[in-house]
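Dear colleague,

Please find below the structure that I am handing over to you. My notes on what was found in it follow directly after.

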Amino acid sequence: MPTATAIRPDDILKQLSAYWTDLGHAGDPEETGGLLRACSKTLICFADEEENSQQLSETLASLMREHPCRMIVVRLQDGEDALAANVSSQCWMPFGHRRQICCELVEVTASINRLADVASIVAPLAAADLPRVILLRSARIVRAGALRKILALGDKIIVDSSRQGAPGFGEIGGLLDAGHTTGDLAWTRLTPIRALLAQLLENRNPAAIVIEYAGKEAGPEARYLQAWLQTSLPDSQVSLRGNATDGHRDHGKPVVVRVDKDILVRLCEGGAEYEAGPIVHRASMPPGTEEQLLNEELGIVVHDRVFERALNHITA
Amino acid sequence: MSVNSPLQDPLRFHRKTPPCAVVIFGANGDLTKRKLMPALYRLAYEGRLAPGFAVIGISRTPMSDDDFRARMHDSVSRFLEDSPFDEDLWRSFAQGLFYLTGDVGDAALYKKIGESLGGVDEEHATAGNVLFYLSTQPSQYGEIAEGLGAAGLAKGAGWRRIIVEKPFGHDLPSARDLNTRIQAHFAEEQIYRIDHYLGKETVQNIMAFRFGNGIFEPLWNRRYIDHVQITAAESIGVEGRGAYYQEAGALRDMIQNHLLQVMATIAMEPSATFSSDAVRDERAKLLRSVRILKPEEVADNAVAGQYGPGRVAGGAVVGFRQEPGVNPESTTDTYAAATFLVDNWRWAGVPFYIRTGKYLPKRVSEIAIHFKSAPLSVFRSSETPGESLPNLLILRIQPEEGISLKFVSKRPGAGMTLRPVSMDFNYGASFGERSPSAYETLLLDAIIGDATLYTRQDMVEASWSAVQPIMDYWAAQKFSFPNYAAGTWGPTASDAMLARRGHVWRTP
């Protein structure tokens, strides 16, 4: 028996269909170039109601260009029984083109006690035969009892362990143990520096690698970096050390990597400086914005064995 | 980076290069400024170059290392596409740029190159690996290869490779002669003949489309395909390159190399693996299967054109013969169209029409696969105009890269009225990420040692063999040029060429 606030997925799909028909009829395609409805996956984003909605919308909209998808944003709130949904679209005109590309957006607002209902609404809305990715940005949902039902909706789950209230290593490890393909943006942030280190350390067998991090406590990135190097180079001694002089910068993040006495890598604004031999080189590493990190993670829908190996090393 | 490195992460890391020095002959030329150096900088920006990397530029213009660095700084910051220019990174990159002045005919130059490579190797740890890039006048290619060979630079402590820009000769005998001269010093696996068309993402995507999907390949043959049209139209003229262009012409400049390679990619058999030699073997086999026209067949199967005055983009333009540096009686083809037949079981009887030209109405490169019509007209009626349209598969290379499938559909409402519709895949919409330029791809491949997208001697000779009868026939003709107005789709003889087989050119 539907409640007063029930949402019928069929109605949402009808609304979407009508929406596209209206968009298709707007303007003369000969003049405007028409529009292209694009969808390569379903992205289900769980966010807390308090999160800056404009910033979130901009982040998600920018993802559409590289990963056009049916976007379902679920905003979770405390308090009274609430469940509502509406549909809209995100469109953009690629540079030099005449035709707009559009993706569809379904926004669901739900109180945390309706989370079980959310699962039954979102499941039929996912695009058929395409990957479903869950982006967990809500601290509320991590604590919610219906989490298991929600996670079952996704082929991949993306978290950011460096966010406040985000799942920790133990919980992420639990997702892996339950068989979920999982990504952590704290790990994704390391790709440029890992790629550089992989190149610098090729054909080397260093005795000792020291990772210095800003401040007094190693953050998730520093710990992932240590775990990756240690699991990749089991004969090397890879250690973490606080770097008080860089304490003013992002607390807990890696700032220097020393490889024996041969290689010194300093992570600096927008890049890295490294000494390997007589010349100081610079590598460009623009700070990864959240959309760039998400773009990278959305491009990987299989188990990431390198990440999983590092995580297992931390949680062991 | 080696695939066996314990630090590899193939899901996330891009391909990276081993240490090496790149020696560019013609370092003061346009190609170096506009394409090569921006591509190398971009590879550095993406962190794909090894720390041990250096460039030695060579040309006749006297210049110091610092002058060269300053010129390259200006070029890269001006011609870099889709990327920010990072001054700090440039300073690091520029530490590895060096310059030598010299004449490629002078043996002393090669001695200097050898000495410079030794110094660069010591200072920049390039591991003795050297990539020579010939970006000079084509007439100098043989001389440079011989100079390098005589100085012992074709061999060394690391690998040695040589990239040769097109054109590879100006006809079949000169292509053979050039190959002989280069191969006297470099083994075939050291020679990388560049055809930048093969480095284009969307040309590579043709292989992904054909061999990564199961549903199209069963239709990819004479039983279902009626004919294929390959178009590479340019909406501009010779843009101040008239003097060069009148020595080349559309057939030599586009069809002999780029478009026959595209045709080979469309028509080749699937290779057993995606290894360099396996793919190139299949391309070469296809090119060798192209029927060689007899002299008496050329007139019906090839059309030359030259643009006259006309209107383009709302403005008047002069004809080719009025372009600066062009002979007022030039018989150069600014338009060429040809019908090629492939003598193998898959394609017997299927015409491949190829056309290219300057000052055509729009800039477009595409391949149109025309499928045979349905065997029975079930919906025959005056109300079903769409029914007579055959299915079309369009592979668009530029602009709006993508794939479209045209088919007919019932119009909503009472009655069986059909209408042609299009199902579109837009490359940019599905992959919003930046595509590397063709030169980035090809330089990266050459440094890594992957020759898949480079042409091999047998491929070059096979494609010259396919166009040589046309060139010979045209050389003996007195054309009544100009025969098309700038801004139109070429000479009427081109339409007649297709009409002889009951076909018409598609209007892209």
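The contact between the two chains draws on 39 residues of chain A and 33 residues of chain B, where contact means heavy atoms within 4.5 Å. Together, chain A and chain B bury about 3000 Å², with 55% of it on carbon and sulfur atoms; buried area is the accessible area (1.4 Å probe) that two parts lose on being put together, summed over both. Gln199(A), Arg282(A) and Ser284(A) supply 21% of the area that chain A buries against chain B, more than any other three residues.

The model is a predicted one, in which local features need pLDDT of at least 70 and side-chain atom pairs count only at pLDDT 80 or more, while totals for chains, interfaces and linings use all residues. Residues are numbered from 1 along each chain as its sequence is written, chains are lettered from A and ligands numbered from 1 in the order in which they are written, and side-chain values use heavy atoms, with hydrogens and water left out.

Four salt bridges are counted between chain A and chain B, a salt bridge being a side-chain nitrogen of Lys or Arg within 4 Å of a carboxyl oxygen of Asp or Glu. One of them pairs Arg12(B) with Asp304(A), whose closest N and O atoms are 2.7 Å apart. On the side of chain A that touches chain B, the elements that give two or more residues include α3 (53–66), α9 (191–200), α10 (220–232) and α12 (305–315) of chain A. Helices (H or I, at least four residues) and strands (E, at least two) are DSSP runs, numbered from the N terminus. The most residues on this side, six, come from α9(A). By class, this side of chain A holds 20 nonpolar, eight polar and 11 charged residues; Ala, Val, Leu, Ile, Met, Phe, Trp, Tyr, Cys and Pro count as nonpolar, Asp, Glu, Lys and Arg as charged, and the others, Gly among them, as polar.

Within chain A, the axes of α10(A) and α12(A) come within 8 Å and cross at roughly 105 degrees (axes are lines fitted to C-alpha atoms, for helices over the stretch in contact, and angles run from 0 to 180 degrees between N-to-C directions). These two helices, α10(A) and α12(A), are therefore roughly perpendicular to each other, the term for angles of 65 to 115 degrees. Among the residues that meet there are Tyr224(A) and Trp228(A) in α10(A) and Phe307(A) and Leu311(A) in α12(A). The residues of this contact divide into eight nonpolar, five polar and two charged.

Glu221(A) lies in α10 and Arg189(A) in the loop between α8 and α9 of chain A, so the pair ties together parts that are 32 residues apart in sequence.

In chain B, the axes of α1 (residues 30–45) and α3 (residues 87–94) come within 10 Å and cross at roughly 110 degrees. The contact of α1(B) with α3(B) has eight nonpolar, no polar and no charged residues.

Lys166(B) and Pro167(B) are joined by a cis peptide bond with omega about 5 degrees, and the bond from Phe481(B) to Pro482(B) is cis with omega near -5 degrees.

With kind regards

Methods:
Parallel < 35°, antiparallel > 145°, perpendicular 65-115°, else oblique.
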